[in-house]
Each structure stands twice: as structure tokens, then as C-alpha cells.
Amino acid sequence: MAKSETSGDTPRPWQSYHTAYTNAKAGMEGVDKEKVQRIIYEMSKGSKYFENEERKDAFIKQKIENMRAQFAKLTASEISHYQKVADKRILELEATRDLTRIWLHVDMDAFYAAVETLSNPLLKGKPMAVGGMSMISTANYEARRFGVRAAMPGFIARRLCPELIFVPVDFKKYTHYSDLTRKVFQKYDPNFMAASLDEAYLDITTVCLERHMSSGEIGEELRSSVYEETGLTCSAGVAPNRLLAKVCSDINKPNGQFVLPNDRTAIMTFISSLPIRKIGGIGKVTEHLLRDVIGITTCEEMLQKSGFLCALFSRSSADFFLCVGLGLGGTNTPQVRLRKSISNERTFQATDDEAFLFQKLVDLAEMLSTDMKKESLCGRTLTLKLKTASFEVRTRALTLQNYICSNEDILKNASKLLKAELPISLRLIGLRMSQFNEDKDGNPSDPTQKTLSNFIIFGDATGRNMDEQTSFCSDLSDDHFTTERSIGLPVDNREIYQIDLRDPLESNGMSSANNSNDILSYDGELEVNHGSLDNKSNAKFDRSSLDKLKKRTDLLDSEAVSSSNQNEQCLWVDDYKCSLCGVELPPSFVEERQEHADFHLAERLQKQESDSNPRSLTPKQRFIQKDHVTSQTRRKKKRKLSPADGKHLPIDMFFVKSNENF
């Protein structure tokens, strides 16, 4: 972009301006791409968008230069080696080819624009785009002839097509028509895969066999059914796998279809001259890397230069490129995977109007809440996405103590995150919720993931009530120890103390223990009680050891109070970032900041405790007397202790695990 390309004596800098707006798309085959690129260059030059594109272009050029240098260093022996690796991998991939399935990809024609035309017939035949002067979502085929397309700023689109009509976005309307099309899809494949509101993948193998119809006939029938149900047209592609089906659906747009037979020869012929950019997953950057470094422009050349692909790209990337060259794609219906996140975002003209920004946040919170309730989801981690006027993308995340899904809760926490960034000029706001509590069937979203609360609360493998308090040691000969929310703390080989670690989600700070011998209390979080010994035990109580422990814990307690009162001054850099771990929490997050400070305080106190008694991490010292240890107990001591074994973990071990998690 920095260099100007010339033709004769006329400078033509726009030819080196890599913009996504001039890529091939259905309905744009006859567009004068150089004219479009020149207009985009002239109207963008000097803008924040232009500067951002320059930065991205510089990054792409640097990456190309690095790969060229790597390419030039390849010796003949290395090239020969990688070619053998590629040939072997091609044979392995070819062995996975499946020609038994028939996949159909259906894509609605200019969906948003078509819905608006259906609602207002006066728009028919006129160049129209859904969106506004800042950004457009979809353009109809009449507008595409001028070079207008989705994701283009409206003011540039108007320059390309002065007669362009803008229609505001109405997602409720589009969702309604999308639901109508999906009812039709279910008749042909109940397990169809929806890729977006306007496209889906259907496995029509079974329906073709049951109805004794060809794949082309099924495609025609499906498209007719969609038109009868919605009044909208769609295009379809039929092929042996999903990758090829998507390519085929774009060939005869609009309102057409293309069928690729389940035959290897036909597939290889079809793929041979196909431009690499037609493949889903190969974008602008990858296209430049393949073309400018290795000289690959068609899918067939993927196989011809397979050795270089294996030498310059990772194993997974090389495998993808080789699959493209072979015309291989997904054939099996993917297993249902638990949703990891759900999000919404909106783009608008750059503004620093706080009222406008918060109104956008209100709309996003409402949409996110509605989407979550539809799927019966509640989440803990809320992420705010911001794109500034200079196209810088920022994300700010907050993990809550409780699972939320209501509009009010989402808006409350999202507003805190946004306030911490003000004043700011934005052009995009997005909200994402993740870390869900359970899936649709009521199962944990990730059964193997343990949270800090799980570790503290679910200490009893027997599933007893966690609020019950059992004796610390009812029978030493049976090695029976407390298992409800308790962690054994070795203090002396003749003493046993019980620590009740309070649930961090409780905020009342009240102790649940009723023992009159409480000797330590830290903000209602930790309580150490002198444990009662069964008459079967011959252990002796050493009062001097207790006095020593009292002095040490009194000192720690006084430090805790002092540090807790000063946590804002000593922990938060610029009143925003934790100086110890880098976590960012705005000043308005009072409770969250207090808990975060408490964690570091407890961590520091425990380190002091460990330094003063380095042997305290040894689980074996929990046992009172060696003569009370049975053979069964000795066997248990050899394996790693865990809450599920009904054992106590030392308090030191608890904080070690916490540090690993954080």
C-alpha cells in the first residue's frame, strides 16, 4: 500500500490496495473491479479505516517476506523429504474418501434484501441495500452489478451506485422467515446443520433412497417448497461432502442449483480449475500467502506443490490444503457439541455519545438474554467487545460468582465494564456470555472442569448434606475423619485441629461451627476448632502447643485486618489493575475487588505459615500416633489424598492448588 504501482506514466496506487470489497461474489461477475477498487481507495484514503488497512497490509507483507525467506532456505534434500511426507499423507487422506453420502447446501438468495423486497414490492428491480451510510448488511443483485456488496460502508456504496436505496435492518423479520425455511429443511433432514439464518447443510442420502429420487430432483423439490412456504428463492449445491456442496451452491445463483456426481473422476475434474478463494476457509490473507510465496492459485496446484505446503505450514494447515486439492470434506453429521458461548454485536457510525452507546448496550443485553433463555442457558463469564473509531478491538471480561441470564443482570454488569472505558469513541459493541452452568439436558457443561467452589464444597464423596458437621475423629482405628467442608491442619503430632473453610459465595461472614473452643477467625472465612478425640484415642493434649498456635494466629489475624483495610492502596495499579497478577477490575466492582484482595492476602499468609513450618505440607503428619495407624490406613497414605477419598487435605495443599488454577 505504501508503494505506488504504475501503468506507463500514470500512477495507480489502488492496485496495491488490498480490499475485501472487490472479491468475487455471486452477482458481481461482470463488475469492473479496477474501477471499484480505485473508488474505494480514493474515498478511504486518510480515514481511520484506511490507516487500519495499511497496518494489516504491512503485517501481511511482512508475513509473506518471512515465508519467502523460509522458502528460499529449503535445500534439495529437504524438498525431497517433504515431498515424500506429502505423498504419504495424500495416500492416507485419499483412503478416507467417502462417496456414499449425498450432501445438499442451501443458500437463500440475498436473504435480507429479498425479505425487504417481499415486504415492499416497490423495491423490486431497484438497486437496494439493507443497512445505512455507515455499513450495509446485504445488497440485492441489482446493486451488486455496480460493485456494491455486504460489509461495505454505505457512503462508498452510494458513490458506486448513486441510485442505491437504503432499508434499515429488521432482524426480527429475518428470524421469522428463517424459521419458516428451517421447517422445510426438517422434512428432508431432521438433523440438518444451520450455518446461519440463511444457509444450511442437509444430508439427503436417506430421503433419496426412501423416495427413489435423484439428488437433483430432491434439490428442485426443496427449493420449490421453500418458495411456496416463504415466497423467497434459494440456490442449492449437491455434492458428496459439505465442502464441495457449499462451492456448488454458489455456481448457479440466484435461484439455481448445481449437482456434482459422487464420482472421483468428476470431483477431480471439477476441483482442478477451481480458484482457491472459492473454498470456505481460504480468505484474503491465506490467498496472498499461497499465491505470492508458492504460486498456488487453483485447487489442483495444491497437490502439484504439496511438498512446499508441508514444508511451510503446520500439519493441520497442510492437511486442509491437501484435502482441498483432493476435493475431500466432511461427510458425517457432526456430533452435537455443547455450546461454549453465545454473543451479539452491532456496528454503527463512530461516536462518543455515551447515551447512544448505553442504548446499544441495552439492546444487546436484551437480545443476549432472549437468546440464552431460548436455549435455557445461564452463564458466569460476560465479555464486552469494543471496536474503537481507529478500528482497535478491545475485550473486557468479568466472571461472576453466580450464573445469570436475565436482561437486568447482564446490563448491570456490562454497564460497569463499559463505564470503565469511558470516554471513548466506538464503532462496534458486542456482548458474549460463556461458562454456562448446564446444557439443554441438564448436564454440566464440562463435567471434568472443577471450580474453586466445587473444590471447597464437594468434599464428601458420599453426597451427604454439606451443612452437616461431623466429628473430626470418631474412631482413629478406622481412620475416620471429617469430610464436610473441612480441611485437616497439622499443627503438632499430638494435636488435631479442624478448619472449616467457608463457602466464598456466602457473604454473611457468619460461622457455622458451634464449638466453644474457637481459636481463630479471619473475616468469618476460616475457623479453627479444637477437635474432639474419641475415648479410643490415647493422644494427649499439649496446652503449650495451643498457646504457640494462638500467638501465631493472632499475629496473622492482625496483619489480615490491616492488609484488608489497605488492599485498595497496595494492590491496584492506577486504581484498575492488580499489581500482583494483572487482573483488571474497575473501581466500581467493590465486592469483586475485595474478594480478589482477600485471595492474595490469604495466599501471602499461607506462604508465611508454610515458611515457619515447612513440614506442614506433609500429609503423613495428620496422624496422631503411629501405633493407631492400621494396615488399611498405610495403604491409603501411599496414594494421593483427595476430597473424594473422604480425607482431609492440609490447608497448605489447598492454596497450592488454588495457585495452579489461577
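Q: Is the crossing of H3 past H15 left-handed or right-handed?
A: H3 crosses H15 in a right-handed way; a crossing gets that label if the near helix is turned clockwise from the far one by less than a right angle, and left-handed if anticlockwise. Bear in mind that this is a predicted model, where local features need pLDDT of at least 70, side-chain atom pairs count only at pLDDT 80 or more, and totals for chains, interfaces and linings use all residues. Residues are numbered from 1 along each chain as its sequence is written, and side-chain values use heavy atoms, with hydrogens and water left out.

Q: What makes H3 oblique to H15?
A: Helix H3 (residues 76-94) and helix H15 (residues 315-326) pack at about 60°, their axes 10 Å apart. Under 35 degrees is roughly parallel, over 145 roughly antiparallel, 65 to 115 roughly perpendicular, and the rest oblique, so H3 is oblique to H15.

Q: Which residues of H3 and H15 make the contact?
A: With contact meaning heavy atoms within 4.5 Å, H3 brings Ala86, Arg89, Ile90, Leu93 and Glu94, and H15 brings Arg315, Asp319, Leu322, Cys323 and Leu326. They split into six nonpolar, four charged and no polar.

Q: Which residues have the most contacts inside the largest nonpolar core?
A: Leu244, Ile279, Leu290, Met302, Leu309 and Phe313 do, in a core of 42 residues. A core joins buried (under 20% relative accessible area, 1.4 Å probe, protein chains only) Ala, Val, Leu, Ile, Met, Phe, Trp, Tyr and Cys residues through side-chain atoms within 4.5 Å. H15 gives this core its largest share, six residues.

Technical notes. Axes fitted to C-alpha atoms, helices over the stretch in contact; angles between N-to-C directions. Helix = DSSP H or I, 4+ residues; strand = E, 2+ residues; numbered from the N terminus. Nonpolar A, V, L, I, M, F, W, Y, C, P; charged D, E, K, R; others polar. Buried < 20%, exposed > 50% of the residue type's maximum accessible area, 1.4 Å probe, protein only.
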